[in-house]
Every structure is written in structure tokens, then in C-alpha cells.
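Trainee: I'd like to learn how to read charge pairs and greasy surface spots in a model like this one. Where do we start?

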Amino acid sequence: MKITNEAKIGILAVVAIALLILGFNFLKGKSLFDKSKKLYAVFHSVEGLSASNPVTINGLRIGSVTEMQEKDRSLDSIVVTITLEKDIDITRSSLAYINKDLLGTATVNIALGDSSGFIKDGDTLNTLVTTGLVDDVKASLNPALNNVNGALKSLDSLIEVVGSIFNPATKYNFQAIVTNLTKSSVSLQALLNSQTGALAQTLSNMNKVSANLANSNENITKTIDNLGKASTKLAALNIEETMASINKTMAGLNEVVAKANSSDGSLGLLLNDKKLYTSLENTSHKMNILLDDLRVHPKRYVSFSVFGKKDKGNYLTAPLVDSTNTGN
């Protein structure tokens, strides 16, 4: 049976259409002859994710994204279909999350859980919302950009200040400042002069003082040793007993002073009784008269002659003036 050219063209067209459909589905990640397991994951946002993007576990590709469609008309969430290319066990507590690289390419990563049961074909994975690498980089760059903006603003302010300095209105003030700085530098040079500068003289005096200290090092050492010995002896003294003895002596002295101030004892009467003082003064006056009379008329009291007689009469009634006493 001979096939006509029209039949050949029709068969060729059907084969071409079939190959086109299969190739298109293959590019979308679908396969009409594949019986691999399908899983589902629901995300609120699938930005950067597209069909045929890889699905990985611990960095190993285990499948790909084959389809994405809205869950409802409000687009509150999106259902992502995952086709597994490897026959592996995924626990029910595993979590799926979207990770984007710097180029914006997104992948679905699955973090395995530790439960005992495994998911089956057609089950839905639990999802986790995480920040991708791009978001982390943006979060790190934002403070840096803010700092750069602040630095640029400060630089603008500095440029304005410098411009105001070189403004003709303030040029003379700037020249005066430069003149004062020049004078200050000259004064500083004179101060630092190695021959006549005040600083050089001060350093020379300090060197002399340090030399004297070095020469007196032996004497200083002896003085410190003596101070150490004196402190050792002072520490060896029983200061507490000495202070107790002093306090006891002071207490006794206070008692004596108290008795002297009172009129109960003899010393108190002697110090406080005016009559006794007057009587002692009169007795002393009469004793002076008696001694003067004894000095002037000794024969009246003592006779050395066998045939003589005592001198009587002309008794003194007042003490004689002492011519040798020039103080009164």
C-alpha cells in the first residue's frame, strides 16, 4: 500500500506537534512518562522562584519545581508542586523554605526533621519563612550606606567651612591667625634652644639634681635603713601597755589636782584657805624680824662671856632693809 504525500505530511505534523509538547513540558520540568513522587509546599511569596528550579536537601538536588499556582483567588498563598527525582525518605517534620542567591536565583531547600514517620506521594510539606542571602546583604549594607551618607554630609559641611575661611570677608582674620602661629613657633624655637632655652636649662638642672641624688644614694640607703630599724623598734614596743600606764598616771594626777582644788585635804586647805595664807605671811614677817634682831644683837640671845650679861632693850619691830637685794 502506497502512502500518499498528504499522509506523510500529516504524520510528520503530528510527530512534530507531539515532540513540541513533550519538549515544552520538559523545559517546564514536567514529564508525561515519569511516575516520580510529587510533594506540595504552600508559601506566601515565591519571588525569584520559577518552574524547573532545583529542590535540594543538604545541598544535594533531589528534584525540581514543576508547577506553581494560586491557592485561592485572594492570592493569600501559593501552592508549589515539587517533583522528586530521587527515591529518598523525607520525615513528616521536615520544613521547606525558599533560599535566594546574589543573582536572584531561588531554590527550595528541605530541612529534614527528626520524626519517625515519612511523607507519602501527594503530601504537603511544612514551610518556613527565612531571609535569603540577598536580604542579609541588604540588611548589612543599609547601616553602611547610612554611615557613608553621614560622612558625605560631614564632608559637605567641612567644604563649606573651608570655603568660608577663604572668603575675602574673613581672609584678614585667617592671615592674623597665621601670623600668630608664626610668632608662637618662634617663641617655641627659642624655648627649645639647646644652649640658652629655658627648657634646656630646666633639663640641665634636672640632670644636676639627678646626679646629686645618685651621689647621695649611699646616704639615702643608710637613712632608709635607719628608718626601717626605728620602725622595727617602734613596732616592738608595747604601745598598749605604755598608753595604759600613761592613762593610769594621768588618772592619779587628775585625782591629786582634784584634791588640791577641794577644801577637804591639807593641800586643798593650804591652797584655798586665805586665813591660813595670811597667818603664814604674818609668821614669815615675824621670823624675818627675829632673824634680823638675832643678826644685829647676837649677845641678846647668846652670851660668850663668863662675866658679861645679855644685851637687853632696843628690840627690832620690823625687818631690816637688805642692801644686797637689788631686785626689790
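Mentor: Start with the rule for a salt bridge: a side-chain nitrogen of Lys or Arg sits within 4 Å of a carboxyl oxygen of Asp or Glu. Keep in mind that we're looking at a predicted model.

Trainee: Going by that rule, how many salt bridges does the structure hold?

Mentor: Three. Take Arg-61 and Glu-85, whose closest N and O atoms are 3.8 Å apart. Arg-61 belongs to strand 3 (residues 60–70), while Glu-85 is in the loop between strand 4 (78–84) and strand 5 (95–100), so this bridge ties together parts 24 residues apart in sequence.

Trainee: Which pair links Arg-92's loop to another part of the chain?

Mentor: That's Arg-92 with Asp-123, a salt bridge at 3.8 Å, N to O. Arg-92 is in the loop between strand 4 and strand 5, and Asp-123 is in the loop between strand 6 (106–111) and strand 7 (124–127); the two residues are 31 apart, and the pair links distant parts of the chain.

Trainee: And what about Lys-222 and Glu-218, how are they placed in helix 5?

Mentor: Their side chains also meet in a salt bridge, again 3.8 Å from N to O. Both residues are in helix 5 (residues 217–236), and because they are four residues apart, about one helical turn separates them.

Trainee: Now the greasy part. Which residues form the nonpolar patch on the surface?

Mentor: For a patch, look for nonpolar side chains joined within 5 Å, on residues with over 30% relative accessible area. Here the patch is made of Leu-234, Ile-239, Met-243, Ile-246, Met-250, Leu-253, Val-256 and Val-257, and together they have about 710 Å² of accessible area.

Trainee: Which helix gives the largest share?

Mentor: Helix 6 (residues 239–261), with seven residues of the patch. One of the residues in helix 6 is Ile-239. At 47% relative accessibility, Ile-239 is partly exposed.

Definitions and conventions. Residues numbered from 1 in each chain as written. Predicted model: local features only at pLDDT ≥ 70, side-chain atom pairs only at ≥ 80, totals over all residues. Heavy atoms only, no water. Patch = residues over 30% accessible without salt bridge, like charges linked within 9 Å, V, L, I, M, F, W, Y side chains within 5 Å. Areas by Shrake-Rupley, 256 points an atom, 1.4 Å probe, with all protein chains shown as cover. Buried < 20%, exposed > 50% of the residue type's maximum accessible area, 1.4 Å probe, protein only.
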